[in-house]
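Welcome! Please take a moment to look over the sequence and turn the model around before reading on.

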Amino acid sequence: MNTIHHYRSFWIALMGVLLFSCSTDSDGDEPMEEIPVNARPVIEDQSFEVLETIGGFIEIGQIEAVDPEGGALKYFIESDYPLAVNLNTGVLSTVAKNVFDY
């Protein structure tokens with residue numbers, strides 16, 4: 001009996017945006033401190049190949065990204081598929097059975 005497995009490839013692109021504000025209680029006579037720039041995390045296009053019938057709550061892979069300043073990253077995902085990403089580790093997993101079963 002021949003079994004054919006159907007695979008779906010998908011890619012993830014993440015972009016982080018940091019918004020902040022600062023104020024000073026200076027009267028304008030003192031030089032202002034230089035505010036450090038927080039550079040955007042670096043992430044390359046990544047793809048993960050999985051069976052269409054992967055099932056629920058299965059680890060797919062880990063999203064790899066780097067903070068240019070060496071700080072810790074927090075991961076979020078927006079997807080049309082029922083996927084989840086671990087906030088601290090970037091591990092991507094399914095959250096429903098037969099996620100890609102068309």
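Alanine 72 counts as exposed because its relative accessibility is 78%, and exposed means over 50%. Keep in mind that this is a predicted model.

Where does alanine 72 lie? You will find alanine 72 in the loop that runs between strand 3 (59-62) and strand 4 (83-85). Aspartate 67 also has its place in the loop between strand 3 and strand 4. Is aspartate 67 buried or exposed? Aspartate 67 is buried, yet it has no salt bridge.

Which residues does aspartate 67 touch, leaving aside its neighbours within four places in sequence? Aspartate 67 is in contact with Asn38, Ala39 and Leu73.

| From | To | Distance |
|---|---|---|
| Side chain of aspartate 67 (polar atom) | Backbone nitrogen of glycine 71 | 2.7 Å |
| Aspartate 67 | Arginine 40, nearest side chain of opposite charge | 10 Å |
| Alanine 72 (C-alpha) | Asparagine 88 (C-alpha) | 8.2 Å |

In sequence, alanine 72 and asparagine 88 are 16 residues apart.

Now step back to the whole chain. The protein chain has 5 strands and 0 helices, and its pattern along the sequence reads β-β-β-β-β. The protein chain has 102 residues, of which 22% count as buried. Its accessible surface comes to about 8,300 Å², with 51% belonging to carbon and sulfur atoms. Among contacts between residues at least 6 apart in sequence, 60% join residues at least 24 apart.

How values were computed. Residues numbered from 1 in each chain as written. Predicted model: local features only at pLDDT ≥ 70, side-chain atom pairs only at ≥ 80, totals over all residues. Heavy atoms only, no water. Helix = DSSP H or I, 4+ residues; strand = E, 2+ residues; numbered from the N terminus. Buried < 20%, exposed > 50% of the residue type's maximum accessible area, 1.4 Å probe, protein only. Lys, Arg positive; Asp, Glu negative; His and termini not counted. Salt bridge = Lys/Arg side-chain N within 4 Å of Asp/Glu carboxyl O. Polar contact = N/O pair within 3.5 Å; in protein donor to acceptor, adjacent residues only side chain to side chain. Contact = heavy atoms within 4.5 Å. Areas by Shrake-Rupley, 256 points an atom, 1.4 Å probe, with all protein chains shown as cover.
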